[in-house]
Amino acid sequence: MSTTVIFFLVLYYVVVLGIGYWAMRHGGSEDLEGYLLGGRKVGPMATALTLQSTSMSGYMFLGAGSLGFSQGYWALWYAAGDIGGGVLNLSVIGRRMRKLSQMFGALTSIEYLEKRYPSPAVRIFAGVLTVFLLGFYVLAQFIAGGKGMALVTGMPYPVALAIAVGIILVYTFMGGYLAVAYTDFFQSLVMLVGVMWILIAALGELGGLTAANNAIREVDPTLLSVWGKGLGFEGQWGIVAGALLVFSIGYLGWPHVVTRHMAMSRPATARRAGLWATVWNLFFVPTPYIVGILAILILPGLDDPEMAIFEVAGSLLPAAVTGLVMAAIMAAIMSTADSLLLQTGSIASRDLYERFINPQASERQMVMVSRGLVLAIAVIGYAIALVEPPTVFKIVIFATSVLGSAFLPAYFCAVWWRRANTPGALSSMVIGAAMAFTWEYAGYVETTQIAPMVAGVVSSTVTMIVVSLLTQRIAPVPPYIVEVMDEAATVGPIPKKLLAATDMSLAPEAAAIGAALARDEEAGRD
Amino acid sequence: MTEVVVIRAALTSTEALCVVASLTGDVEARVEKDVIFPYHCFEARCAVPTLAGRKKLDMICLVDAVNGIGATADEFQLKRERIDVEKVLATEIDADEALEVARSTVTHRLGRKLRTISSFDVELFPRGLVHKRFWIVRSSEARIMVDSTNGSLHPLKLRAA
C-alpha cells in the first residue's frame, strides 16, 4: 500500500480523535452527562447506526467477502438471515426481556438468566461458556485487525498482528477517551459509505451487475446458483437452514446482543431504531458478500480469499479513499473487539469473581480481574492467531452456533414459557452447547448434511421442553417469577399507542404500585 | 398525615389525564388517585477519562426503596409536603443496602456507556429518602400510572397473555 493510503488512514484517526476532543471541550460535562444518562441527545437513527456498526465486526469485511469469493451467490443465505436478525430479535424477546430484566433488577444478561432460573449453576455455566466463546470471537477480530494492518502498512503479519492486538487493548482499557456517540456515528457512516463505494467501483469496473454475472457464468456457472460452488450444497436443506438461521436466530442467544434489549427505553423508540437498523442492514449487509463475489473477476488469482474486500479496495479506489475505507474497517474491527472484551471482562468480574469467589470485591479488584482476563485473552489469542490462524469465517460461525444453541431456548422460554424451569434451562444449555460443539468437531456436518446450529438448537429446545415438563413437581417455577412474567406479558385490550408509549424502566414501580392498590382494594379501603 | 420530601412535579393531575387521553382516545378517563413512591437518593461524584483529561461528573442515583432497583436520574428539585400516610408506599430497602445498589448501578453505567475497563473514582453521598408522585388514571381499557415529574407512563396490573 502507498504512503498516501497510510496518510489518509492516520488523517481519519486524527479527525475521529478531533471530534471526541471537540465534544469534550465544548460540550463539557453536560454532553457527557447526557451520554451517560441514556444518550437522550442521540436520536433513533444514531442509536441504530451505532449499535449496528459495533455488532458488524471484522467478519463482515473478511469472512463475508471470503465466502462470496469462494462460494458465489450461495453466500447470500447468510446475508438474508442477517438482514432480518435484528428485527426478529427485537420483536421476539426485546420488549418482554427489557421489562423482565428491569423487574428482576439484573444488570448483565448472565445475572438475568440466574434470576429467571434461580441457581448458581446457571450463572457459572452460562458465565464460563460465554467467556470462552466470546474469547474465540475476539480472536477473529485480532486476526482481522492483523491482516488489515499488514496489508495497509506492508509490515510482516506477526508484527502487524502484535500492533493490532496492542491497539485493541489500549482502546479497551482507555475507550472512555473516545466514548462520544458522535464518533461512533461518524465511524458507522464512513463504514457504510466506504463499503458502498467499493461496491460501486467494482460494478463500474465490471460494467454492471448483469455483465458481471455473465462473466461469472463464463468462469463457473455454479457460482451463480444458490447451492454454492460446484453445486456442493445442492438439496442440503439442513446446511441451508443453518446458513439462514445462524445470524437470524443465532443472535437471540448472544449474551452481548441480548444485553441491548435490557437497555431499550420505550417500545416506540426501539421500533424506530429497529426501522433504521433494518434500512442500514439492507444496504450494508449484502454488500461485502457481493463485493466478494465480484472479486472472483477482479482478482482471479487472489491467494487469501479473506483479503478480497481489502484487495478490491486497494486495486480500484484512489489511494486517499482506500485509506479512509481501510480506517473505517479497522475502526469497525476495533470497536467490535473492545465491546466483546468489555463484555467478557464484565462477565468474568461481576458474574463469576464477585458472585462466587470474592463477594466483598472492591470495584478496583474487579477492574483488575477484568483487565487480567483481557490480557490473558490477548496473549493466548495472539499465539493462536500467529501459530495456526483459523479463518475469521470459521471462528465466527463456530462461536455463533455454539452460543445460539446453548442460550436460545433459555432466553426465549424465559419470557414466553412460564413452565420453563431451572433444570430445563440448565440441561438445555449444556446439551445445546455440547451438541453444536460435537457436531462441528466430529464432522457430522458432512455425514448428516445438517448444520451444527440446526442440530444444537433442535436438541437444546427439545431438552428444555422435556426436562422442564418432567421436573415441574420437584422444581416448580417460583411463584414470584410467574408473577413477574405475568406482569411483563402483553395485555390484550390496551391500545397499541399506549403500549408503545410505555416507559419500561417504570416496570418495578408499576408492579409495586399495582400490588399495593390490589391489597387496598381487597381490604376495602379504596 | 406525614411530611415527606417530594420531587417537584412537572405535571398536574389534569395534565396527566390529558397524556393518557391523547393516547387512549378515552374521553371518560379520570384521575383515580395519586401514589407517593419512595426512593433512596444518592449524589455520585465521579471522575471519568476523556480526551480532554479527566472530567468531573455529578450524577444522581435513585434506588427504588420498595424493590431495591437503581437508576441514574436527571437533576430535580425537591419540596416538603404533608401527605396522607396511606398514599405513601412503605420502604422495604434500608439505606445501607441501597448504597451498595447505587454503587453498583453507577459503576456499571459508567463502564457500559464509556466502553472501557477502568476504575472510576466514584464517591456516593446519601441525600436521604425522596418521593415521587405517580398519578393513577383509570380509562375504560386500562389503569395507568403517570410519572408526575416527566409524564412517563406505565399500565398497571397487566393481564397475562
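**Entry 1: chain B**

I began with burial in chain B: buried residues make up 45% of its 161 residues. I am working from a predicted model throughout. I then read the elements from the N terminus on, and their order is β-α-β-β-β-β-α-β-β-β. Along the principal axes, the C-alpha atoms of chain B fill a box of roughly 55 × 35 × 30 Å. Residues 24 or more positions apart account for 70% of them.

**Entry 2: chain A overall**

I turned to chain A and looked up its secondary structure, which comes to 23 helices and 0 strands. Of its 526 residues, 57% count as buried. I also looked at contacts in chain A between residues at least 6 apart in sequence, and 83% of these join residues at least 24 apart.

**Entry 3: A:I168**

I picked one residue of chain A to follow. A:I168 sits in helix α7, residues 157-173. Is A:I168 buried or exposed? I counted 26 other C-beta atoms within 10 Å, so A:I168 is buried; the cut-off for that is 20 or more. I then listed what A:I168 touches, leaving out residues up to four places away in sequence. The list is A:Q141, A:F142, A:G145, A:M334, A:A337 and A:D338. A:I168 and A:A337 are 169 residues apart in sequence, and their C-alpha atoms are 6.8 Å apart in space.

**Entry 4: helices α18 and α20 of chain A**

I wanted to see how two helices pack. Such a pair is described by the angle between the axes and the distance between the axes. I took α18(A), residues 422-441, with α20(A); their axes come within 8 Å and cross at roughly 160°. Angles over 145 degrees count as roughly antiparallel, and α18(A) and α20(A) are therefore roughly antiparallel to each other. I noted the hand of this crossing as right-handed.

Which residues of α18(A) meet α20(A)? From α18(A) I noted A:P423, A:G424, A:A425, A:S427, A:S428, A:I431, A:G432, A:M435, A:A436, A:W439 and A:E440. On the side of α20(A) they meet A:P452, A:M453, A:A455, A:G456, A:V457, A:S459, A:S460, A:T463, A:M464, A:V467 and A:S468. I sorted the residues of this contact by class and got 12 nonpolar, 9 polar and 1 charged.

**Entry 5: positive phi in two loops**

I looked up two residues of chain A with positive phi. A:L231 has a phi of about 50°, although it is not a glycine. I placed A:L231 in the loop between α9 (209-219) and α10 (237-248). It has 14 C-beta neighbours inside 10 Å, so A:L231 counts as partly exposed.

A:Q449 was the next one. Its phi is near 60°, a positive value in a residue other than glycine. Where is A:Q449? I found A:Q449 in the loop between α19 (444-448) and α20 (452-470) of chain A. With 15 C-beta neighbours inside 10 Å, A:Q449 counts as partly exposed.

**Entry 6: helix α23 of chain A**

I finished with α23(A), residues 507-522. This helix has 16 residues and reaches 22 Å from its first C-alpha to its last. That is close to the 22 Å expected at 1.5 Å a residue. Which residues of α23(A) are buried? I listed A:A507, A:P508, A:E509, A:A510, A:A511, A:A512 and A:I513.

Notes:
Residues numbered from 1 in each chain as written. Chains lettered and ligands numbered in written order. Predicted model: local features only at pLDDT ≥ 70, side-chain atom pairs only at ≥ 80, totals over all residues. Helix = DSSP H or I, 4+ residues; strand = E, 2+ residues; numbered from the N terminus. Expected span 1.5 Å × (residues − 1). Buried ≥ 20, exposed ≤ 12 C-beta atoms within 10 Å, placed from the backbone. Axes fitted to C-alpha atoms, helices over the stretch in contact; angles between N-to-C directions. Parallel < 35°, antiparallel > 145°, perpendicular 65-115°, else oblique. Left-handed = near helix turned anticlockwise from the far one by under 90°. Contact = placed C-beta atoms within 7 Å. Nonpolar A, V, L, I, M, F, W, Y, C, P; charged D, E, K, R; others polar.
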